[in-house]
Structures are given as structure tokens and as C-alpha cells.
Amino acid sequence: VWSADGQSILVAANARPQYILEPRDTDIFAFDATTGAARRLTDRRGPDDDPAVSPDGRLVAYTGYDDRKLGYQVVRLYVMNADGTSRRELLPDFGRDVTAPQWTADGTGLVFQSESEGMLRLFQVSLRGGAPVRLADSVGSGSSAYTGGSFSLSRTGRIAYTWATATRAGDVAVDGLGSAPTQVVTALNDDVLAQRQAGAVEEIWYPSSKDGRRIQGWIIKPPGFDPAKKYPLLLEIHGGPFAAYGPKFDIEKQVWAGAGYVVLYTNPRGSTSYGEEFASLIHHAYPGDDRFDLESGVDAVVARGYIDPSQLYVTGGSGGGVLTGWLIGHTGRYRAAVAQYPVVNWYSFALTTDIPYTTQYWFPGFPWEHQDQYLARSIISKVGAVTTPTMVITGESDWRTPMSESEQYFQALMLKGVPSTLIRVPGEFHGIRGRPSHFMQKIGYIQAWFDRYKKPAA
């Protein structure tokens with residue numbers, strides 16, 4: 001971002017000598033726009049990001065935290081003088097991530113994004129402190145249940161932001177900050193949604209069989225849902241693992257609901273948007289007890305009476321692919337599974353992924369120093385118990401969870417005689433969303449695999 005006087009540019013950057021091994025350790029720098037000379041404005045072990053310059057140029061807001069080598073830490077909001085002095089935290093007791101701060105036009109406060117219990121919202125906080133004021137809900141990205149979105153603050157105090165609901169994909173909304181009601185100003189997908197009925201999305205809270213902790217999730221019911229009928233249940237697990245789902249329109253989950261599956265997605269322990277303590281329950285213990293949270297969600301939906309308990313299916317991507325393998329390595333209750341771009345062997349993952357620094361955060365040290373722990377938490381170590389027909393699907397250009405991970409799992413399943421298949425998607429990176437055609441093919445392959453093992457209707 002530019003300084004108020006246009007003489008310098010503020011950038012969040014990592015200038016540590018070991019930046020490859022310390023990628024989170026960013027600082028705020030001010031670069032002279034004429035000479036390129038740099039001034040470091042922050043200097044601590046941990047991320048400093050999202051610089052925002054006040055209208056009068058005197059202050060800089062930014063986000064970050066003091067790194068304690070946890071897999072997840074709450075991102076906090078700070079303000080400092082333009083020269084980097086007098087740094088102070090604005091919301092020490094907020095307890096949720098603060099992202100994308102922007103100054104109000106009069107410079108007396110900041111507007112920012114924050115997610116809680118799967119819902120991304122906009123807040124305003126005064127420089128004088130005090131509790132932040134909630135400005136807008138339903139901030140969303142438009143195509144996925146993952147929380148995410150963006151906003152822009154005008155000089156007159158109005159906010160434009162990406163808006164989405166559980167049954168409506170992303171549009172743009174404008175809010176007058178109390179002076180006028182929220183107005184949705186686009187209707188980008190009305191032509192499509194007029195031809196397709198979206199599945200109803202219902203929030204669910206249930207106790208975990210591990211410790212009784214309350215877990216949040218959502219159920220998508222097929223269009224024309226009849227509670228007197230029995231439906232197959234598809235459990236879809238989010239990645240991360242430090243991420244969160246919310247009640248937002250999700251293309252792939254809606255497609256599967258449209259095909260007749262009840263879809264369950266949840267935020268098991270380790271998910272963000274519930275505070276640092278909840279996310280840290282899987283510190284140096286992932287995958288692990290999170291499987292109890294997922295299984296308890298399946299049990300809670302089955303108990304409602306409209307699920308055929310012999311028709312359970314499971315899938316997930318990345319961290320969700322890990323937990324898919326973890327579940328079928330502990331239970332044979334699922335008729336079929338799809339592990340999407342999973343980590344299969346933490347040892348080989350650490351030596352081939354583009355994020356090798358995870359060894360410092362997800363494990364107590366390097367793999368050759370903790371071989372037993374790396375193996376015990378690898379789904380390859382549970383493959384001997386797998387009987388579930390399993391598909392593995394990964395992009396050939398995936399640098400996050402390389403194809404070699406999926407090849408190991410597929411080969412192990414083949415050696416064991418488990419019905420399995422490996423789908424290699426050319427030119428695709430992590431997530432298989434680079435080309436819309438590939439994304440839709442991924443959704444179709446997963447549905448086809450489950451349909452293959454679905455029991456005939458009574």
C-alpha cells in the first residue's frame with residue numbers, strides 16, 4: 001500500500017536469511033518510491049501483515065502475532081506510528097482472527113473481517129478501544145463453504161463486500177453502516193438458480209463422543225427432501241486442517257445433494273473460527289481425536305431417522321483427504337471413500353512438499369528425529385485395516401501434496417486387494433480447480449465412485 005504522501009510503499013515481506021524455513025516470519029517494510037531504500041518497521045518472530053495507512057499518514061495498522069510454533073494462532077490487530085514506534089494491540093481480548101483492516105475515512109477507527117463459528121463478518125473498532133461493533137454478516141466467496149470474502153470501504157463510510165448465503169452464490173452487497181439497509185446490488189447467478197433448486201442447508205450442533213465438546217456442522221438435504229424416506233449420507237471433510245466451513249453456497253456439495261445424497265460437513269477440533277484453544281486440540285496430534293468429532297456427526301444425522309445406516313460415504317480434500325484415510329483405517333462402516341490429494345506418509349511429505357516448514361508446527365521436530373510419531377500419524381500405517389473401496393484423485397502438478405503421496409496409497413490398497421482407483425488430473429494443482437472442466441470432472445468422478453457402490457433402491 002502507498003503511504004499517505006505517496007513517497008513510499010509499505011510491504012509485508014520476509015527478509016530472514018532462513019526465509020524458506022521461516023515463511024511465517026514476515027515484517028512490515030517501507031520502501032522509498034524513488035530510491036528503493038527500505039526501512040523495517042516491525043521486527044519480531046512471527047507474522048506482521050496487512051499494512052494499512054491512516055488517512056493522515058501518521059499511523060499504520062497491521063495484523064500478526066508472536067509465533068509460538070503452534071499449528072494455529074489467533075491473528076491480532078495492531079497500530080503503530082508511521083516510523084514503526086509505539087506499537088500497541090487494539091483488541092487483546094477479541095479471541096478471533098482479524099484480517100484485512102481498513103481505516104475509516106475520518107481516521108478514528110478501523111473496519112476489519114473476522115470469522116466466528118464458520119461465519120465471516122465485518123466489524124468496526126475505534127482507536128480508543130472498546131468492544132468492536134458488528135457491521136455486516138454473510139460475507140462469503142460464493143462457490144465454497146470455506147469461509148472467505150473481501151470488502152472495500154468508501155470515503156463516505158459505505159462498504160461494498162462479497163455476499164453469499166447457504167443457497168445463493170456470491171454477489172456484491174452495499175451497506176450504509178447504519179444509515180441505510182444492506183442492499184444486494186448484483187444477481188450474477190439468478191439465471192442458473194432459476195433452473196435448479198438448491199438443497200436446503202440446516203445447522204447442526206452435536207456432542208463429540210471423545211469428550212462431549214460441542215461440534216458445529218451443516219446438513220444439505222436433497223431438493224424435494226422427504227423425511228419419511230431413507231437417504232444415503234455423504235460426509236465431506238474440510239482441509240487445512242486449520243480452516244473452517246460455514247453456511248455458504250458450495251457447488252460440489254449442492255451437486256451431490258442434487259444427486260440424492262444427504263451431505264454432512266462439519267468443523268471438527270482443529271478448525272479455526274472457534275478460538276485458539278479449540279484449534280490447538282490437534283497440536284502435534286493430527287490426525288487423531290478429530291475422527292471422533294466426525295463420527296459423532298454421522299451418528300447424530302443417522303439418529304434423525306432419514307439416513308440408511310448401510311449407505312454411508314466419505315470424502316475430503318487435502319487435510320480432509322488425510323482424515324478420510326484416517327477414518328477408513330479405523331472403521332469399515334463406509335461403503336466407499338474418496339481421498340482427494342491426501343498426505344499419506346508424513347515422512348515423505350516433509351521431503352517433497354512445497355511447505356516443509358510444517359515440520360516445525362505440526363510435529364515436534366524433523367522426521368528422522370521422530371520417526372515413530374511421523375509413522376503413527378500417517379494413514380499409510382492404517383492401510384492394513386482398510387476394507388473400504390477407495391478412490392484417490394490428485395492433480396499431477398500438485399506441489400502441496402505431491403502425486404507421489406497418492407501413488408503410495410493407491411499401490412498399498414492394490415497390494416492389499418482393496419477395490420481402488422487412482423485418478424491423475426493433468427496440469428492441475430492443489431484443489432483441482434484450475435480449469436472449470438477439471439473441477440466439474442472431479443465432482444463427477446467422486447459421485448460416480450459412490451454411485452458404483454450404492455445399494456439398489458428397495
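# Briefing: helix contacts, buried residues and backbone details

Asp250 lies in the loop between strand S18 (231-237) and helix H2 (251-258). Helices (H or I, at least four residues) and strands (E, at least two) are DSSP runs, numbered from the N terminus. The model is predicted: local features need pLDDT of at least 70 and side-chain atom pairs count only at pLDDT 80 or more, while totals for chains, interfaces and linings use all residues. Residues are numbered from 1 along each chain as its sequence is written, and side-chain values use heavy atoms, with hydrogens and water left out.

**Asp250 and its surroundings**

- Asp250 has a relative accessible area of 3%, so it is buried (under 20% relative accessible area, with exposed over 50% and partly exposed in between; 1.4 Å probe, protein chains only).
- The side chain of Asp250 reaches the backbone nitrogen of Ala145 at 2.8 Å.
- With neighbours within four places in sequence left aside, Asp250 is in contact (heavy atoms within 4.5 Å) with Ser143, Ser144 and Ala145.

**Helix H2 against helix H10**

- Two packed helices are described by the angle between their axes and the distance between the axes.
- The axes of H2 and helix H10 (residues 436-452) come within 10 Å and cross at roughly 40°; axes are lines fitted to C-alpha atoms, for helices over the stretch in contact, and angles run from 0 to 180 degrees between N-to-C directions.
- That angle makes H2 oblique to H10, because angles under 35 degrees count as roughly parallel, over 145 as roughly antiparallel, 65 to 115 as roughly perpendicular and the rest as oblique.
- On the H2 side the contact is made by Ile251, Glu252, Val255 and Trp256, and on the H10 side by Phe439, Lys442, Ile443, Ile446 and Gln447.
- These residues divide into six nonpolar, one polar and two charged; Ala, Val, Leu, Ile, Met, Phe, Trp, Tyr, Cys and Pro count as nonpolar, Asp, Glu, Lys and Arg as charged, and the others, Gly among them, as polar.

**Helix H4 against helix H5**

- Helix H4 (residues 290-302) and helix H5 (residues 319-328) have axes that come within 10 Å and cross at roughly 80°.
- H4 is therefore roughly perpendicular to H5.
- H4 contributes Asp290, Arg291, Leu294 and Glu295 to the contact, and H5 contributes Leu323, Trp326 and Leu327.
- By class, the contact of H4 with H5 has four nonpolar, no polar and three charged residues.

**Ala339 in strand S21**

- Ala339 sits in strand S21 (residues 336-340) and is buried, with a relative accessible area of 0%.
- Ala339 and Val322 are 17 residues apart in sequence and 7.3 Å apart in space, C-alpha to C-alpha.
- Not counting residues up to four places away in sequence, Ala339 touches Gly316, Gly321, Thr324, Met391, Val392 and Ile393.

**Backbone details in loops**

- Gly240 and Pro241 are joined by a cis peptide bond with omega about 0°, and Pro241 is in the loop between S18 and H2.
- The peptide bond from Tyr286 to Pro287 is also cis, with omega near -10°; Pro287 is in the loop between helix H3 (276-279) and H4.
- Ser273, in the loop between strand S19 (262-267) and H3, has a positive phi near 85° although it is not glycine. Ser273 is buried, at 3% relative accessibility.
- Ser318, in the loop between strand S20 (307-317) and H5, is a non-glycine residue with a positive phi of about 60°. Ser318 is buried, with a relative accessible area of 15%.

Technical notes:
Polar contact = N/O pair within 3.5 Å; in protein donor to acceptor, adjacent residues only side chain to side chain.
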